[in-house]
Amino acid sequence: MNTPYAWLWLPVAAFTAPAYATTYLTVEQAQQLMFPGQALTAMPLRLDDAQRLTVERTSGLAVPHLDFALWRVGSGGYFFVDAVLGKHELITYALGVNPDGTIKDVEILDYRESYGGEIRNASWRQQFVHKSVADPLKLDQDIRNISGATLSSRHVTEGVRRLMAIHATLPR
Amino acid sequence: MTRNRRVIVPSLLIALGLFLQSSLSQAVTLEELAQRLDALEAENAVLRQKVARLESGPHVAPAEPVTAVAAAPVLSTASSPASSPAATAGGGEASTYVSSYGEIGYTRPSKRPSVSNVDVQRAVIGLTHRFDENTKMVGEWEWEHAVTSSTDTGESEVEQLYVEHSFRGGWTADAGLYLLPAGLINQHHEPTAYYGVYRPDVDTKIIPSTWREVGLGISRTTDSGLTFEGGLTTAPNLSQWDPTTDEGRLRGPLAAIHGEGQFAAAHDLAGHLSVNWRVPGALVGASVFASKVGQDQPGFLGNDSRLLLWEVHGRYQPGRWDLAAEYARGTLSDTEALNEFYLHGTTPNPTLVPALFYGGYAQAAYRVWSNDYFKITPFARYEILNAAAGYGSLAGAPARTGDEHIWTLGTSLYVGDGVVFKADYRGYRNDRYPSAVPLGYTKGDSLNLGVGYSF
């Protein structure tokens, strides 16, 4: 602090603290968007080996970790929060599942890549709505990509497919 | 006394800040408190899983071959490693990522097969370091044509080097050497992102991909899919124009005069603006780049010259089709005195600075076959371009060069997300531009084979 007016920065510093600009929705905000007014009960999920194999068979994707952030919705249905790599950076997303096993919505919570933030758009996420584990949930098949964000589109699509396969193992 | 005041004043400010903060927080309602508790509970659930995961040892297993019952081959986890749910607990941690892309091509010019050659066109290493959730740096270092030395033709260059800060409300600011938003290729130029062993001629000779300038840019993507990018950067330097070589005509005028951050002339500023609208399976966009390019060089006859480059582009991907089109048009004003000087100088047949250059293409690709891992996509592209379409009102100027018409027919075989094998044949109707043979300017048609990767 050799400069006589360095202290002028102190009030500025007080205003630049925590909120992350790459966070578009918090977990709670996504829950309220998808299930407004509903009580959600956290029920962390750990897959056992048999479930893991079932999920891998159903989704055609490897399951790289066994713990998943999961909430049970009061009126039935489930809410997942998961993260996948876009190109290099993690994309955190939420998946809401209706009591009948169809997708209620997908929301992007954090997006950090320099390009491809358009996967946050409603028009892209809308493609998932009402689909179920019986649908392909594959890029270039029933999910179209965003030009310039192919990897982000593909990896979120795969993430949703994996979560839907996990959902299929849960009690309704 | 002064010293004491320096301590007392900030202390008072801090105390005031703390007081205000505590009074504000007392104004929180019970309802808000309940919401905060809910939020904390949710966060806690995520953290509990993180702890459970850590305590139970590493679970991120290598990609096990899954015995699929009905499905086709399984994608490796390397392409989409779902991370732990702990990632949702917020970031703030520093992290560093390595990226890379590269391409190797074989070219056989039909009319001069003796100069057939294989070239490591580019090898690029990228480094992204995220300092925290809001700020990161991005760097890319590139070698072209494999070997760089005083006796070799290769180039070694910094392709990108910028810091990026994200602000609330979806705003992002970049400072440094960054890629300009111009056309379909410039910002997405990895070999897996375009068809053909070589980039379209319009995206090299009219828009000098990979085109970067040093400056300050801002961007914002709206919820409706619109992305705006704008900025102030360094400008090309017309005083670099060399009338004694045909580089300005064969590689394109901007490729001959852009600065690339190498002691780039910085007297004149450039401005750029672009808008892109992306919805699933479709993209339309446009951009404009404008600047003075004389750079106020002492005695230089082109000091009043201005560059205006604009382009429009679109891409539509219905079903198995991938259709794209682009048109770019540039003008360089007030070049008559400079060209007059070249015409009457000592160089016979000097390469003059064009007043107008333009080009456009239409491209169609069709995914004929694919499974979960491989994809075969033949394509056809038709380009019309002219890198010297006029010399303004210059007296005694050479006749306007006619347009070149270029056909490219080929196919790409994609392996997973990151690898592509390519084969194509490129035909130049008027032989005005060279095929991409680094050993001098070999004009004309060529058969090309390539392999590229990107991660």
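Author: Before we start, a residue is called buried when its relative accessible area is under 20%, exposed when it is over 50%, and partly exposed in between. Please keep in mind, too, that this is a predicted model.

Reader: ok, so is B:Asp296 buried, exposed or partly exposed?

Author: B:Asp296 counts as partly exposed, because its relative accessibility is 47%, and it is found in the loop between β9 (282-292) and β10 (306-316) of chain B.

Reader: and what about the phi of B:Asp296?

Author: The phi of B:Asp296 is positive, about 50°, although the residue is not a glycine. In general, most residues other than glycine have a negative phi.

Reader: what is the phi of B:Glu260, then?

Author: For B:Glu260, which is not a glycine either, phi is positive and near 55°. B:Glu260 sits in the loop between α5 (253-257) and β8 (269-279) of chain B, and with a relative accessible area of 25% it is partly exposed.

Reader: new topic: which peptide bond is cis, with omega near 5°?

Author: That is the bond from B:Ser209 to B:Thr210, and B:Thr210 is placed in the loop between α3 (202-206) and β6 (212-221) of chain B.

Reader: now chain A: which residues of helix α2 are buried?

Author: In α2 of chain A, which spans residues 27-34, the buried residues are A:Val27, A:Ala30, A:Gln31 and A:Met34. They lie on the same side of α2(A), because they cover an arc of only 100° around the axis.

Reader: and what covers them?

Author: The cover over the buried residues of α2(A) includes the chain A strands β1 (40-42), β3 (67-73), β4 (78-85), β5 (90-97) and β6 (103-110).

Definitions and conventions: Residues numbered from 1 in each chain as written. Chains lettered and ligands numbered in written order. Predicted model: local features only at pLDDT ≥ 70, side-chain atom pairs only at ≥ 80, totals over all residues. Heavy atoms only, no water. Buried < 20%, exposed > 50% of the residue type's maximum accessible area, 1.4 Å probe, protein only. Helix = DSSP H or I, 4+ residues; strand = E, 2+ residues; numbered from the N terminus. Arc of directions from axis to C-beta. Contact = heavy atoms within 4.5 Å.
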